Amino acid sequence: MPSSVVAALLLPAAADATEDQLRGARCVWCEGGPLNAETAVDLGEQKSPAGSWFPRACQRCAAAWAHRGLFEHAPMCEQCTDDAARCETGRVLYRLIRQGPRP
């Protein structure tokens, strides 16, 4: 996952995460039920002062945080205002929103 997308998602600090969140077994935001390969959104290896950690999110939280991130990103991104399809950050955030659960 591109670092610009991770930045837009505003991951919590590793120091505030539980052991299960640090290793990707629980959602980094809601710490809901256990995650598996079908339900998890992999947010990539992250570096912190304490070392590497491997956050993952449930699809609901990933979509919600991507939605918020896209609203923050798009108005300030020249590429998004010119041609949103050419902005990798915007495309990935949009994809995360679309992968989320439908009401």
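Trainee: Let's start with Ser-52: does it count as buried, partly exposed or exposed?

Mentor: Before that, two ground rules. This is a predicted model, in which local features need pLDDT of at least 70 and side-chain atom pairs count only at pLDDT 80 or more, while totals for chains, interfaces and linings use all residues. Residues are numbered from 1 along each chain as its sequence is written, and side-chain values use heavy atoms, leaving out hydrogens and water.

Mentor: Now the idea: buried means under 20% relative accessible area, exposed means over 50%, and partly exposed is in between (1.4 Å probe, protein chains only). Ser-52 has 38% relative accessibility, so it counts as partly exposed. Ser-52 sits in strand β3 (residues 51-53); strands (E, at least two residues) and helices (H or I, at least four) are DSSP runs numbered from the N terminus.

Trainee: Which residues does Ser-52 touch, not counting those up to four places away in sequence?

Mentor: Contact means heavy atoms within 4.5 Å. On that basis Ser-52 touches Glu-45, Gln-46 and Lys-47.

Trainee: What about Ala-15, buried or exposed?

Mentor: Ala-15 has 77% relative accessibility, so it counts as exposed. You'll find Ala-15 in the loop between α1 and α2. Its C-alpha is 8.0 Å from that of Ala-50, although the two are 35 residues apart in sequence.

Trainee: How many aromatic pairs are there?

Mentor: Rings of Phe, Tyr and Trp (its six-membered ring) pair if their centres lie within 6.5 Å; planes under 30 degrees apart are stacked, over 60 edge-to-face, and the rest tilted. By this rule there is 1 aromatic pair. Trp-29 and Trp-65 are stacked, with 5.1 Å from centre to centre and 5 degrees between the planes. The pair links distant parts of the chain, 36 residues apart: Trp-29 is in the loop between α2 (19-22) and β1 (40-42), and Trp-65 is in helix α3 (residues 59-73). Trp-29 is buried because its relative accessibility is 18%, whereas Trp-65, at 28%, is partly exposed.

Trainee: Which residues touch the most other members of the largest nonpolar core?

Mentor: In soluble globular proteins, nonpolar side chains tend to be buried together. A nonpolar core is a set of buried Ala, Val, Leu, Ile, Met, Phe, Trp, Tyr and Cys residues joined through side-chain atoms within 4.5 Å. Here the largest has 24 residues, and Leu-9, Trp-29, Leu-43 and Leu-96 touch the most other members. Two or more residues come from each of α1 (3-9), β1, β4 (56-58), α3 and α5 (88-99).

Trainee: At what angle do α3 and α5 pack?

Mentor: Two packed helices are described by the angle between their axes and the distance between the axes. The axes are lines fitted to C-alpha atoms over the stretch in contact, and angles run from 0 to 180 degrees between N-to-C directions. For α3 and α5 the angle is about 145 degrees, with the axes 7 Å apart. Their contact includes Ala-62 and Leu-70 of α3, and Leu-93 and Leu-96 of α5.

Trainee: Which phi value does Leu-10 have?

Mentor: Most residues other than glycine have a negative phi. Leu-10 has a positive one, near 55 degrees. Glu-31 is not a glycine either, yet has a positive phi of about 50 degrees. Leu-10 lies in the loop between α1 and α2, and Glu-31 in the loop between α2 and β1.
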